[in-house]
Each structure stands twice: as C-alpha cells, then as structure tokens.
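Subject: Structure handover and findings

Hello,

Please find the structure below, followed by notes on what was found in it.

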Amino acid sequence: MDFIVLNLGHAKTVHKWSNRDISSPFIRLFYVKEGRAVFHLPERDLMLSPGHIYMIPTYLPHSYDCDPGFEFYYLFVFQTVHNEQDIFELYDFPMEVNSNTATQLLFENYCTLYPQFSFPTADAVAFENHRAYNEYAASFMQMKEFERMQLHGLVEILFSYFMKKAIPRRLVQDERIQAVIDYVNSNLSKALTLDDLADISCFTKSHLIKVFNKTIGETPLQYVIRKKIQHAQTLLLSSTMSVNDIAERVGFHDASYFIRQFKKVLGFTPKEYREKMIG
C-alpha cells in the first residue's frame with residue numbers, strides 16, 4: 001500500500017460538536033486523549049474513549065457527536081492505488097484498538113514536525129474550514145523524500161495496530177469472478193456493460209449475475225456503479241475537475257445520469273458532496 005497524508009493534527013472541542021452524513025475516500029485515524037464522543041455507524045454506535053485509536057475506513061457512511069472538552073489527535077490518509085481491490089474489501093478491520101503512551105508521543109512529535117497538515121485551528125467550531133484536499137495532497141507530494149518517508153512510517157505504525165487484528169475476508173475462489181473484479185477496477189473510466197463483463201468471465205449474462213451476486217453480495221452492475229461512485233468521490237475531493245468532466249472520467253457519458261446515480265448512492269449530488277466535504 002502507498003499513502004498520501006492529507007491531514008495530521010490535534011483538536012479539542014469547546015462546545016458540543018456534531019457532523020452528519022460523512023463518507024470520504026480516505027482513511028480517518030483518531031487517537032483519543034480525553035473526553036467522550038460517539039460515531040454513529042450504519043449498524044451500531046461506537047463510543048470513543050481515552051487511550052484508544054479508532055479507524056474509519058474509506059467510504060463508510062457515518063456521523064458523530066462530540067462532548068465539550070473532547071480532545072484528540074487525527075490523521076487522514078489517502079490510499080493512492082485505484083486499480084486494485086480496496087484493502088477494506090480484502091480484510092475486516094477492527095475500528096477500535098488499545099493504545100499506549102507511545103502513541104500520544106508519536107502524534108505530538110509529528111504534529112510539531114509537520115504543522116502544515118493540521119486544520120486551521122484547534123477549535124472544533126472551525127475544524128471543518130480548511131483548504132481543499134487536493135492542496136494538502138500537493139503539499140505532501142512536494143515534500144522531500146525523507147519527510148514523506150517519515151510520515152509514511154507513522155501511518156504504517158498506526159495501521160499495523162489494526163492490521164494485527166484484521167481478519168482476511170473469504171477469497172474469491174472462482175478465477176472468472178476475480179477476473180471480472182480486476183477488469184472493473186482497472187477500467188473505471190469505461191462505460192462497462194453486462195455484455196463486457198460476461199465476455200470477461202466466459203459466463204452467460206444470467207449465470208454471471210447469479211454467481212457474482214452469490215459471491216460478492218451484489219450484482220455485477222451494482223458493483224460497477226459502486227466502484228465508479230467511489231472513484232468519483234475521490235476526484236471530487238482531490239481535484240478541481242468539473243462534475244461533467246468527472247462524469248466522463250468515471251465512464252458516464254450522460255452527466256445527468258451520473259448525478260442521479262451519485263445521489264442515489266450517497267444522498268447528495270456531486271456538487272453538494274464536494275461543498276459538504278470541503279466547504
């Protein structure tokens with residue numbers, strides 16, 4: 001895995017602080033120093049408490065509520081590989097792991113070394129007012145090699161805590177289904193059809209739908225739409241491309257259809273999503 005560090009910093013809430021309907025194409029890591037907060041996840045609520053590290057995977061819809069005096073360190077990380085399966089499709093990761101004083105020292109040290117990646121203020125009221133994510137990514141890529149290596153090391157140390165307890169998901173045994181998955185992830189810019197995927201798999205269309213749904217839990221075209229929308233989320237936050245250009249980039253030649261599909265999946269239009277996530 002290769003990473004780009006987007007944000008790294010420290011914050012403490014002054015007032016009760018909430019945010020709703022978040023879904024982002026980067027990994028969010030938090031170390032809790034003091035206070036209480038709760039993540040509202042699709043299937044459960046997760047209470048945050050001091051002495052633990054928490055990870056929100058890419059594209060996971062969630063909301064949160066923080067009490068006044070909630071103090072934490074944050075690290076937002078973008079995984080740069082797009083044409084392979086997401087690591088969160090290969091493993092089930094815990095969202096909470098125990099931590100130690102070394103974790104806080106790590107965060108304190110790196111926040112001191114790289115203040116340019118922190119949000120504009122430690123005051124949670126203004127926490128969401130920040131530069132566009134593509135500007136943070138550009139800052140990372142313009143760093144010296146040893147600096148990127150240091151930050152990459154921090155990410156790997158923290159991620160290793162979760163990897164230690166990760167459980168591999170059941171591998172796709174049928175090579176023909178895996179060939180379809182690989183083809184989709186390598187060709188998100190194309191207007192993929194069921195005929196294309198059936199040709200790749202050497203199945204009939206009806207048999208492909210049946211086997212794919214049984215193996216992956218969704219139909220081939222549902223998988224295609226989901227991966228295209230996820231890639232569109234990445235482009236919306238990491239570039240200044242127009243919605244029409246992004247629609248073309250992810251294989252939708254009809255921008256209106258792209259907008260409808262995006263809203264169906266996320267509940268926001270692409271423009272609303274970009275404004276919500278960037279401000």
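The model is predicted.

**K205 and D195**

K205 is located in helix 7. Its relative accessible area is 40%, so K205 is classed as partly exposed. Setting aside residues up to four places away in sequence, K205 touches L194, D195 and A198.

The side chains of K205 and D195 are joined by a polar contact of 3.2 Å. D195 belongs to helix 6, which covers residues 194–201. D195 has a relative accessible area of 43% and is therefore partly exposed. For D195 and K210, which are 15 residues apart along the chain, the C-alpha atoms are separated by 15 Å.

Most residues other than glycine have a negative phi. C202 is not a glycine, yet its phi is positive, at about 65°. C202 sits in the loop between helix 6 and helix 7. With a relative accessible area of 67%, C202 is exposed.

Y59, also not a glycine, has a positive phi of about 65°. Y59 is in the loop between strand 6 and strand 7. Is Y59 buried or exposed? Its relative accessible area is 18%, and the cut-off for buried is under 20%, so Y59 counts as buried.

**L60**

L60 lies in the loop that runs between strand 6 (52–56) and strand 7 (62–66). Its relative accessibility is 22%, so L60 counts as partly exposed. Apart from neighbours within four places in sequence, L60 is in contact with I22, S23, L41, P42 and M95. L60 and Y74 are 14 residues apart in sequence, and their C-alpha atoms are 17 Å apart in space.

**K227**

K227 is part of helix 8. Which class does K227 fall into by accessibility, buried or exposed? The relative accessibility of K227 is 6%, so this lysine counts as buried. Leaving out neighbours within four places in sequence, the contacts of K227 are D86, E89, V184, N185 and L188.

In soluble globular proteins, nonpolar side chains tend to be buried together. In this model the largest nonpolar core has 76 residues, and those with the most contacts inside it are L6, L8, F39, L75, Y133, L151 and F258. Strand 8, residues 71–79, gives the most to this core, with 7 residues. A second, separate core has 15 residues, among them V180, V184, L188 and V211. Two of these, V184 and L188, are also in contact with K227.

As for L75, the residues it touches beyond four places in sequence are V5, N7, L8, I27, R28, L29, F107, L154, V155 and L158.

Rolling a probe the size of a water molecule over the atoms shows where empty space is left. The volume of the largest pocket is about 1,200 Å³. It is lined by 41 residues, and the closest to the pocket centre are F88, E89, R169, R226 and Q230. Two or more lining residues come from each of helix 1 (87–90), strand 9 (91–92), helix 5 (175–186), helix 7 (205–216), helix 8 (220–238) and helix 10 (255–266). Helix 8 gives the most to this lining, with 9 residues. Sorted by class, the lining of the largest pocket has 21 nonpolar, 9 polar and 11 charged residues.

Which element gives the most to the lining of the second largest pocket? Helix 8 does, with 4 residues. By class, the lining of the second largest pocket holds 7 nonpolar, 3 polar and 2 charged residues.

Regards

Terms used: Residues numbered from 1 in each chain as written. Predicted model: local features only at pLDDT ≥ 70, side-chain atom pairs only at ≥ 80, totals over all residues. Heavy atoms only, no water. 1 Å grid on protein atoms, 1.4 Å probe; cavity = no way out; pocket = protein on both sides within 12 Å on 5 of 7 lines; lining within 4 Å. Points joined across faces, edges and corners; volume = space filled by probe spheres on them. Nonpolar A, V, L, I, M, F, W, Y, C, P; charged D, E, K, R; others polar. Buried < 20%, exposed > 50% of the residue type's maximum accessible area, 1.4 Å probe, protein only. Contact = heavy atoms within 4.5 Å. Polar contact = N/O pair within 3.5 Å; in protein donor to acceptor, adjacent residues only side chain to side chain. Core = buried A, V, L, I, M, F, W, Y, C linked by side-chain atoms within 4.5 Å.
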